[in-house]
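Visitor: I am new to this structure. Please show me how to read it, one feature at a time.

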Amino acid sequence: MKLLQAIPALPVRDQERSTAFYRDRLGFNVAFQNEGFTKLQRDAVEVHLWVANDESWRTRDGTCPVVSGAESFIAGTHSCRIGMDGVDELYRVVQPLGIVHSNGQIEDTPWGTREFDVTDPDNNLVTFFERAPTDGRAAANHA
């Protein structure tokens with residue numbers, strides 16, 4: 001038995017705004033869209049966006065629990081990691097767009113990856129990473 005694929009599903013408040021972000025800034029294609037759900041693809045990666053914009057929790061009395069599963073406060077609470085080849089090239093494309101999270105830098109990690117983060121319009125965190133070569137070629141590849 002082995003696992004074959006993981007597909008992140010990220011909650012968003014505004015489906016059109018978030019779809020445009022993944023399409024126009026990160027180069028994903030819209031593979032499917034209906035009211036409340038978008039499936040985006042780039043190469044072998046899929047990202048699913050689902051709308052979490054239910055505001056009814058704000059006016060419920062204390063006897064009724066929050067139960068819709070699409071409450072607006074859920075948007076922006078998720079993250080995912082996308083493995084890839086050529087992380088430096090993608091970084092050079094998105095860095096000038098002002099969407100790189102944190103210190104705005106690409107970095108080598110102690111756990112053997114080279115990576116950077118972006119945040120989508122709802123502040124979901126998306127990390128793009130590449131595994132570092134194990135044969136000492138890492139420094140030559142990042143020049």
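Visitor: Let me start with one residue. What does Val 118 touch?

Guide: Contact here means heavy atoms within 4.5 Å. Leaving out residues up to four places away in sequence, Val 118 touches Leu 26, Val 94, Ile 99, Val 100, His 101, Asn 124, Leu 125, Val 126 and Phe 128.

Visitor: What should I know about the model itself?

Guide: This is a predicted model, in which local features need pLDDT of at least 70 and side-chain atom pairs count only at pLDDT 80 or more, while totals for chains, interfaces and linings use all residues. Residues are numbered from 1 along each chain as its sequence is written, and side-chain values use heavy atoms, with hydrogens and water left out.

Visitor: How many helices and strands does the chain have?

Guide: Both are DSSP runs, numbered from the N terminus: helices are H or I, at least four residues, and strands are E, at least two. This chain has three helices and eight strands. Along the sequence they follow the pattern β-α-β-β-β-β-α-β-β-β-α.

Visitor: In what order do the strands of the open sheet lie?

Guide: Two strands pair if DSSP finds at least two bridges between them. Here four strands form an open sheet in the order S5-S8-S7-S6, with mixed pairing. The edge strands are S5 (79-83) and S6 (107-108), and each pairs on one side only. S5 pairs with S8 (residues 125-131) in the parallel sense, over five bridges. Across that pair, Arg 81 stands opposite Thr 127 in S8.

Visitor: Which strands pair with S3?

Guide: S2 (residues 29-34) and S3 (residues 37-42) pair in the antiparallel sense over five bridges. Phe 32 has Lys 39 in S3 as its bridge partner. S3 is also joined to S4 (residues 45-51), by six bridges, and these two run antiparallel. There, Arg 42 stands opposite Val 45 in S4.

Visitor: What happens to phi in the hairpin turns?

Guide: Most residues other than glycine have a negative phi. The hairpin of S2 and S3 has two residues between the strands, and its Gly 36 takes a positive phi near 100°. The hairpin of S3 and S4 also has two residues between the strands. In that loop, Asp 43 has a positive phi of about 55° although it is not a glycine.

Visitor: Is Asp 43 buried or exposed?

Guide: Buried means under 20% relative accessible area, exposed over 50%, and partly exposed in between, with a 1.4 Å probe and protein chains only. Asp 43 is exposed, with a relative accessible area of 77%. Asn 123, in the loop between S7 and S8, is another non-glycine residue with a positive phi, near 75°. Asn 123 counts as exposed too, at 54% relative accessibility.

Visitor: Which residues of H1 are buried, and on which side?

Guide: In an α-helix there are 3.6 residues a turn, so residues three or four places apart point the same way. In H1, Gln 15, Ser 18, Thr 19, Phe 21 and Tyr 22 are buried. They cover an arc of only 155° around the axis, so they sit on the same side of H1. That arc is taken from the directions from the helix axis to the C-beta atoms. Exposed Glu 16 and Asp 24 are on the face turned away from the buried side of H1. The cover over the buried residues of H1 includes S1, S2, S3, S4, S7 and S8.

Visitor: Which residues of H2 are buried?

Guide: They are Val 87, Asp 88, Leu 90, Tyr 91 and Val 94. Down the axis of H2 they fall within an arc of 160°, so they line one face of the helix. The face turned away carries exposed Glu 89, Arg 92 and Val 93.

Visitor: Which residues touch the most other members of the largest nonpolar core?

Guide: Such a core is a set of buried Ala, Val, Leu, Ile, Met, Phe, Trp, Tyr and Cys residues joined through side-chain atoms within 4.5 Å. The largest one has 22 residues, and Tyr 22, Leu 26, Val 94, Phe 116, Val 118, Val 126 and Phe 128 touch the most other members. H2 gives the largest share, four residues.
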